[in-house]
Amino acid sequence: MNSYDAIVIGAGHNGLTNAAYLAKSGLKVLIVERNPYIGGASVSRELHEGWIYTNCSYVSSLLRPEIYRDLNLAKHGLQVVPFGGGVTLTQSGDYLGSYSNDEARRREYARHSLHDADALDRFSTDVMRYCRFIRPFLLRTPADPTSFRPRDLSELFFLGKKLYELGEEELYEFIRFFTMSIAEFLDEYFECELVKAALSGSGLIGTALGPYSPGTAYVLLHHYMGDIDGNVGEWGLARGGMGSIAKALAGALQEHGGEIRTGAPVAQIRVRNARTKGVVLEGGEEIDAPIVVSNLDAKRTFLTIMDPKDLPDEVLERARNFKITGSSGKLNIALDGRPEFPQLPAGCPLLKGDLHITENFEQLERGYDDWKNGTWSKWPYVDMMIPTLTDPTMAPPGKHMMSIFVQHCPATLADGGWTPDKREAFGQTVIDAIATFSPNFKDLILHTEIRTPHEIEAEVGLTAGNIFQGDLSFDQLMFNRPFPGYAQYRGPVKGMYMCGSTTHPGGGVSAAPGTNAAREILADLGRKNITPEDFGDD
Amino acid sequence: MTDRYDVLIIGAGHNGLVCAAYLAKAGWKVLVLERSDQPGGAAITREFAPGFRVSACAHILHMLQAKVIRDLNLKAHGLDLGGPSIDTIALAEDGNHLTIRQRSIEGAQVTAAEKAAYAAFIERMERHAKALAPQLLKTPPRLANAGLANAMQLAGMGWGIRFGLGKKRMQDFLRIVGMNIYDLLDEVFESEALKGALALDAVLGSAMEPRMPGTVLTYLYRLAGGLKSTLTLPKGGMGSVTAALADAATTFGAEIRTAVPVERVLLEGGRAVGVVLAGGEELRALSVISNADPKTTFLKLVGARNLEAGFAHRIGNLRASGRTAKVHMVLNSLPDFTGLEQDALGNRLIVAASRKYVEDAFNHSKYGEYSDQPVMEITIPSVADPSLAPAGKHVLSAIVQYAPFDLKGGWDAHKDSFVERVVDVISAYAPDFRDKMTLVECLTPVDIEREFGMTGGHWHHGELALDQLFMMRPTYGTAQYRTPIDGLYLCGAGAHPGGGVMGAAGHNAAQAILAGDK
Amino acid sequence: MRAQYDKEHFRQHSLPTPFHPRLAELSQGSSWHCWKGHLSPAYFENVELEYFAIRNACSVMDLSPMCKYRIRGQDAEAFFDRMVTRDMSKLKPGRVGYSVWCNDQGKVIDDGTIFRFAEHDYRLCAYERQYEWLKISAAGFEVDITEQTEEIAALTVQGPTSFAVLNKMDLPGLETLKPFGIMHFPYHGGELMVSRTGFTADLGYELWVEASKALTLWDELFEAGRHHGIRAIGTDALDIARVEAGFIQAADDFTPANHTIRKDHDRSPFEIGLGWLVNLEKPNFTGRKALIREKEKGSRYRLVKLDIDGNKPAHASYIFHDRKKLAGAVTSAVWSPTCKQNIALASLEVAADHPLDDLWAEVYYQRELHWNRVWLRCRVQDKPFWNPPRRRATPPGLF
């Protein structure tokens, strides 16, 4: 019984998606997961009794609706609920809110700058143009621009057509957008520092760059290109935490007969005669399969669970040079009650959304300088959520759970590796900063989980704790992701594939890489393509 | 006045002169109008103290296009490149300097493996640079709506890269072209001194630091501009290069008038028909070419109101805020640099001890401060060219970064302390430096803007960033040397392919104009 | 500007206009909708009755949500001349001009009316918000731009008895006011501005006062109109009248260019029937180069006024050539109660080889949940469907 048609290594959301499609196509599929639980970085864990921590990824927008629908994830228990709101608090006691009503949002901007209230329209329209351009590529395999195979040429033609459809001026603007820094990009629209800082966060999350670094405008797009029920750019909560996504995907996988083994770390992908034969688990157990799909990042896949002698030198070199920079940490906090932010008016709905405390580029850039100097930001960019304001399932009634994503936290520190003391100090920096705005915050804390890149790597297996499984820089996007020549989900060994965020279209809980990889595998097996197509124009 | 001239060129910078020479050579009646009292723009030799002369901005010549030298016969007009290529010496405080030559490195205990890696790296980068190089002397294509010839040029570029490089190298090219130099150098080298020195090449004259994506492209750009990798100190300073260009232009029949600042471009029915000088004098011609930077050209000489609003807005958004200063010093005698022979002082001395050093220097400039420990490119041109200083004495010329145009508190209040930092940093490498130097002149970006009319004091007339290059330089709608104003053209560094004493923009502008009508 | 809103603004998304207390008293249908952040009634009692106030007596509609900007400064004329497509040197003080303005690609950002109060003093009144575009357009001009949407209250008073009503309000000399003229009157320590403008192709005026005088104006106006059939109307009634007049509406008949996301979904002035507003002789205005190119190469679309057979309004219908080849789609359609005609505005793709004499609308209509499809013949009209002489008469009729 130790033989399968395909083995997927890692039960992250992409591994699960990939396995689900392979199983749905009729293959006998096994997914092996090192942790005793599934989900990878889409997990919900009860780390303090009564509290569910959505302890890695914490909000959802990128999950492709095509996959959601196609795999019947609703039937398998998934609900994604928009939360609305969001606010950036300033130390002077003011704030910039992101109201879900257009007029309220506009007035809120006008409260700071009438010019920027108008400019927000232009900004949104322009970003939406780029979103509309990029979305059809999420469920497609990138063309190899150096290849002359008909399929690559036809994909290149599709790309050319989409570019042409932008129109000449928009095409230039799009190229500019792709190459600019988020600060430069926002400077072309807005005059108010607070407005610019509030909008720039999406250009930085998960990225080891500052607002002045070229390439960060694209990162913003990466965070805007998802949608909730057609509202492009909107974010929501998976009810019960991001683990619900993994659970629903696992349900889909099992419905189609796929098997999941947890607590089964893979030691190596077995290769014989330049073909994959299966995997060997750390305990020595061998499992056979002609197809092995890795949901791990490219560095881990090629440098830890493959034998270097099975790989071309070029791949080893590319894997070593693969940029997967640690830049973020996470705090998950159980709260005894609702934290107060007295600078917000009573009854204001903004707290339900993402909360921020950085109010200008300089703070953000200095946070990045700290990172470059090998320490965590002294005034960190945080992306906070209190999901229990929207989702009552995550804490006992009246109690709250707080998820704090912390940007610019290095994987290794200038003065050596992470230690428990340093981890605590990092957590304290974040808590102190937030307490500046919330007088009762510290008193409400019942339990805190502090995760530096070190913990994220150790637990989830993301190298350096990089949430995208590889930097979202130009040299690692589209046909360069993860490496030039290996961007179509196939590994260098026959029968070996990659399906993680380390491949196109990159990080975020989109499930697109897993789906795209399944499409390629099925094509190689000569099986019918059962992966969904893009919904098209929206 | 009648249409005495076919074309008026605003500004006698090196590109204006190159453009003038080509057009005059083609039989056009050309008049060049220069605001200062000598031609050359920023590429002049400047007597900053009696008897002491130095190149005012760029001081090393390495990108002047061979085709331009040949076509305009510049050697016959007095161009003297001043001898063989100089070396780059990356200074180390302990005197253990790293010498970087065209194909080799030595010193600083670099290993044999590192030397081999350097040779391989340069070969790899030069191949990529060669794929770019042909584009430097061409008008950039438009991306759509521009006809067959344009589409052919675009296809040809792709084709050239694919076949010029081959599949594997093209993959490499497409990967690294968007990367930062910081990571790329890390992939290849061990020596931090070498990484620092090469990182400096990628950011010299720009508002970038080595970790910024796009810095591999600027590095390749520098290589593409000077494919032979020769660095020379032109005899008599950079002014001699523009003097040769001016001589060539006038020999071909162009006229150059100095001390005639152009007030504005004369427009009639939306078309450029001449210029109005500061005194009110009107000069007319069939076309007007501006060697001034794009912001000056469009916002001052033409005026935003005479442009369409979106275009004017884009010009207003161009990033052209310089962060490079130039420091000139009189040396009573040559200082004693730790670990350097006196005859080595004629080389290019750089202060960029590591990538982090460059990055730290840059960080200050993000917040409107000058670098606490600036990076520098230093030359003492009088070592090889005694004509630049009285006998026995010397001049030092240093490009110093980062010195932001909009310094917090203003330059008037902080220039002296900045110069002190520069002297301190040099003194770390030459302990007796303070005793040897006397007079100092410091040109901050504010001074450079005032002296040479370059907006923001930016040497390249606009940042060499990915979004301001090639078919987007200075911005789309005017990236093919034509402007939205009929009869008005660009020929300066604000146009493709940008700054550095290359002459390419002037050459390309002339070709584009000759290809059209007068 | 900042003082305009405080942190409490989120409690009410649509703000009351200065006339709101009166609107609320009269509104029987509570048909409030949000017009650029303001509460606006679609109707008060009945759309048809309100429509006939426009054509038969005197209608009053709250125009306050229109976006209003004051532009002052010595370059104001030059500024507008560069921004809009018309020759603004022809707009004299005391006059109003209708125009469109474009982006650099020659695509329409919005249309609106420009009021020239004095040599260097203008107001722009537009449907869409324009502050940022005005600021962008102001580079290089000495002009001062102020947003006045909230501070100026406005009513549009339209209909054959509108002059008779205003004539009772002590506005000396109003009878001499010609179409597109402006007059200023002292008003309770402030000023009332009256322009002979409107969106109905009937006799009519627009009244502009500072917000604090709004209720006084309303009350005095309704008192004056008591015996002249004065009636408050909502936006639905106006929408019928404006189609009869052949006037286009942003977001209905074209999408403003700075809101279009898809290629070719924007429109040039030529493509929405406003070529007559474009003066290509001007040496420079935003969009000029593109419009010259379009003139040479031809437009992609044209906007036509259609007289459609039968009585089934052709809302959102496809228009076909000869019932076969798709030609375009209806952008606005109404049954004209005055002309007793089935009318529409439609955007057609320009196909040179297709004459416009065989256009058909494919109309779907429903009767008790039963859907029917009919082909209705369409005829292109050059002139507005309704354009009575009383609209232009000066002095106007005292009906």
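The model is predicted, so local features need pLDDT of at least 70 and side-chain atom pairs count only at pLDDT 80 or more, while totals for chains, interfaces and linings use all residues. Residues are numbered from 1 along each chain as its sequence is written, chains are lettered from A in the order in which they are written, and side-chain values use heavy atoms, with hydrogens and water left out.

**The interface**
- In chain B, 38 residues are in contact with 38 residues of chain A, where contact means heavy atoms within 4.5 Å.
- By class, the chain B side that touches chain A has 13 nonpolar, 6 polar and 19 charged residues; Asp, Glu, Lys and Arg count as charged, Ala, Val, Leu, Ile, Met, Phe, Trp, Tyr, Cys and Pro as nonpolar, and the others, Gly among them, as polar.
- The rule finds 11 salt bridges across this interface, a salt bridge being a side-chain nitrogen of Lys or Arg within 4 Å of a carboxyl oxygen of Asp or Glu.
- Arg366(A) and Glu369(B) form a salt bridge through their side chains, at 3.7 Å from N to O.

**Helix α6 of chain B**
- Helices are DSSP runs (H or I, at least four residues), numbered from the N terminus.
- Of the 12 residues of α6(B), 10 are buried, that is, under 20% relative accessible area (1.4 Å probe, protein chains only).
- Among the buried residues of α6(B) are Leu194(B), Lys195(B) and Asp201(B).
- Just after α6(B), Gly205(B) takes a positive phi of about 85°.

Notes
Buried < 20%, exposed > 50% of the residue type's maximum accessible area, 1.4 Å probe, protein only. Helix = DSSP H or I, 4+ residues; strand = E, 2+ residues; numbered from the N terminus.
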